[in-house]
Amino acid sequence: MRRFAIFFVSIFILAACSPDAERNGPAPAAGDNVNVVTGLMAAFNDHDADRMRDYWHPDVTWIELSGEQASTVTTSAQQLHDELVAYFEAYPTVSSSLENITVNGNYVTAVERPVWQEAGERMSQSSIVVYEIIDGKVKRFWYYPPQ
């Protein structure tokens, strides 16, 4: 019986020290860079393009990815502001949420899920988005094709 107990304890210790033990459950993403992204999303949900500018670098770049192609949509805070003002006018019911937020240094990745009403029907899609945060501001963000 004692051998079994020693064997069991040894296996438990080895399992706890294995690399897989570190993968058991990531802590929720937190920190300054996450706060930038969640603050930006709160301003988006308020349709406040002016307040959104507080979260952008002056030469913020929005890039859309599709297959092997990358297209630059905006390259300045003013251009992005103007795009969003027009977007909010076209989609007055839009709101969005971020899911599965992860952080890797200056990069915050999430699944963004906007919802809106169109012709009386609820619409929704999701896209992976990667934000690069420099000096507490979004410098670049990349959107992958919506699903």
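Start with the aromatic rings: the count comes to 10 aromatic pairs, where rings of Phe, Tyr and Trp (its six-membered ring) pair if their centres lie within 6.5 Å. This is a predicted model, so local features need pLDDT of at least 70 and side-chain atom pairs pLDDT 80 or more, while totals for chains, interfaces and linings use all residues. Numbering runs from 1 along each chain as its sequence is written, and side-chain values use heavy atoms, without hydrogens or water.

Now select F44, Y87, F88, Y91 and W116, which form one aromatic cluster.

Next, click V94, in the loop between α4 (77-90) and β3 (95-104); helices (H or I, at least four residues) and strands (E, at least two) are DSSP runs, numbered from the N terminus. Is V94 buried or exposed? V94 counts as buried because its relative accessibility is 2% (buried is under 20%, exposed over 50%, partly exposed in between, with a 1.4 Å probe and protein chains only). Show what V94 touches beyond four places in sequence: F44, H47, Y87, F88, P114, V115 and W116, with contact meaning heavy atoms within 4.5 Å.

Last stop: select W62, E64, Y87, E112 and Y143, which lie nearest the centre of the largest pocket, among its 22 lining residues. A pocket here is an open set of points on a 1 Å grid over the protein atoms alone, where a 1.4 Å probe fits, with protein on both sides within 12 Å along at least five of seven lines; lining residues have an atom within 4 Å of a point.

Note on methods: Rings of Phe, Tyr and Trp (its six-membered ring) pair if their centres lie within 6.5 Å; planes under 30 degrees apart count as stacked, over 60 as edge-to-face and the rest as tilted.
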